[in-house]
Amino acid sequence: MTSKVFGISLRTHFRENLGQKLRRLLQALEPEKVVKPKSIWAIKIHFGERGNHTFIRPHLVRSFVDELKELGGKPFLTDANTLYVGGRINAVDHLETAVMHGFGYEVTGAPLIISDGLRGAGEAAIDVNRGGVKKAYISADFNAADGAVILSHLKGHELTGFGGALKNLGMGAASRRGKLDQHSDLSPQVTSKKCVGCGRCVKQCAHQAIDMAKKKAHIDPAKCVGCANCIPICPQEAIAVSWNGDAPRFMKKMIEYSKAAVAGKGENLLYVNFVNGVSPLCDCVNHSDAPIVADLGVLASRDPVALDMASAELVNQAPGLSGSALPESALAPGADKWTALHPDCQWRFQLEYAEKIGLGSCKYELVWLPEVAGIK
Ligand code: SF4
Ligand code: SF4
């Protein structure tokens, strides 16, 4: 099966600015067929870690909000809390970061909801039973929404080669327990040097997995269920994830989580990838390095696999920018830029696995929407 992917260039004109053009792009997906009056729609987005600047511009998000509202839908902007310590580890910090980055209601026209709640415990357990995971833990309010627009900024990623719609879904919509499940096969670890023995983590753990026998916290892996609730509670940042560096295993789990995240939403899913400001690393890092290619446009599809494949290949087909993190050998059009940046990840693996488990098709037809009259 070949899936259609629509694209717009970033050319604009007196007759059509980028916000208007984005609405035309969304309309190509025929949202009127799925956005029913009073249905509640999650606009899943990454608000950017503090210090990062390549996240999607908030005022452009308004185009999608306005389109959904005009069709009678009730959109909200959402993301789930992070696993690591930073500016988005609980809902208070996360909302402050979102507003600091311009995602307030006055700009976007939609309320903000952190989909797994104050400390990341709000989740729905979805049966998966595949090679990677048995159950997936998806953030509760993302799961409860009638439909979702997955707005993603395309960029590099150290564990998946690149991050697009599937990364935004599988990792981004997971609760903290779900994120830990994907990133690690082990319990969190306490760094004894940092622990001051305050005991807050002991009270937080509902599974009596933490003891203070030697006046420092210690996690018993036999009792720990991997909920990750102790990580954000530690004021010393002494509890951390034992990161799993096995890229294929991680990608497999992430794709199974993506499948779980869309369960129950049927056709009510619209995917948009911004292929601009393509930085070498994820927007989860506290900086944005120089883009590796010129701004190439915005792509949209009903099929997240086709969309990610089209977006990743569009970048590879473009000339690389010298002076960026790309090595000289990867600057030519057609060179595999993702592999040059992240040689330990075979980025196509995630898309092939996503196709195998029925999330979409790796084959796509890219249809560029016509420019308005006046653009030469
Ligand atoms: S909350 Fe942190 S500092 Fe306090 S006992 Fe637990 S690990 Fe140690
Ligand atoms: S991850 Fe959850 S179960 Fe394990 S020690 Fe931390 S709070 Fe307890």
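Reader: Why is Glu30 called exposed?

Author: Happy to walk through the count. In this predicted model, Glu30 has 11 other C-beta atoms within 10 Å. A residue is exposed if 12 or fewer lie within that distance, so Glu30 with its 11 is exposed.

Reader: Where is Glu30 found, and what is its phi near?

Author: Glu30 is found in the loop between helix 1 (18-27) and strand 2 (40-44). Its phi is near 55 degrees, a positive value in a residue other than glycine. Most residues other than glycine have a negative phi.

Reader: Where is the place of Glu237, and what is its phi near?

Author: Glu237 sits in the loop between helix 9 (230-233) and strand 13 (239-240). The phi of Glu237 is near 55 degrees, again a positive value in a residue other than glycine.

Reader: Which domains does the domain assignment of the chain give?

Author: Domain 1 covers 3-184 + 243-368, and domain 2 covers 187-242. Taken over C-alpha atoms, their centres are separated by 32 Å.

Reader: How many residues does the contact take from domain 1 and from domain 2?

Author: Domain 1 gives 14 residues to the contact and domain 2 gives nine residues. On the side of domain 1 that touches domain 2, the residues divide into six nonpolar, four polar and four charged.

Note on methods: Residues are numbered from 1 along each chain as its sequence is written. Chains are lettered from A and ligands numbered from 1 in the order in which they are written. This is a predicted model: local features need pLDDT of at least 70, side-chain atom pairs count only at pLDDT 80 or more; totals for chains, interfaces and linings use all residues. Helices (H or I, at least four residues) and strands (E, at least two) are DSSP runs, numbered from the N terminus. A residue is buried if 20 or more other C-beta atoms lie within 10 Å of its own, exposed if 12 or fewer, and partly exposed in between; C-beta atoms are placed from the backbone. Domain bounds come from an automatic or database domain assignment. Two residues are in contact if their C-beta atoms, placed from the backbone, lie within 7 Å. Ala, Val, Leu, Ile, Met, Phe, Trp, Tyr, Cys and Pro count as nonpolar, Asp, Glu, Lys and Arg as charged, and the others, Gly among them, as polar.
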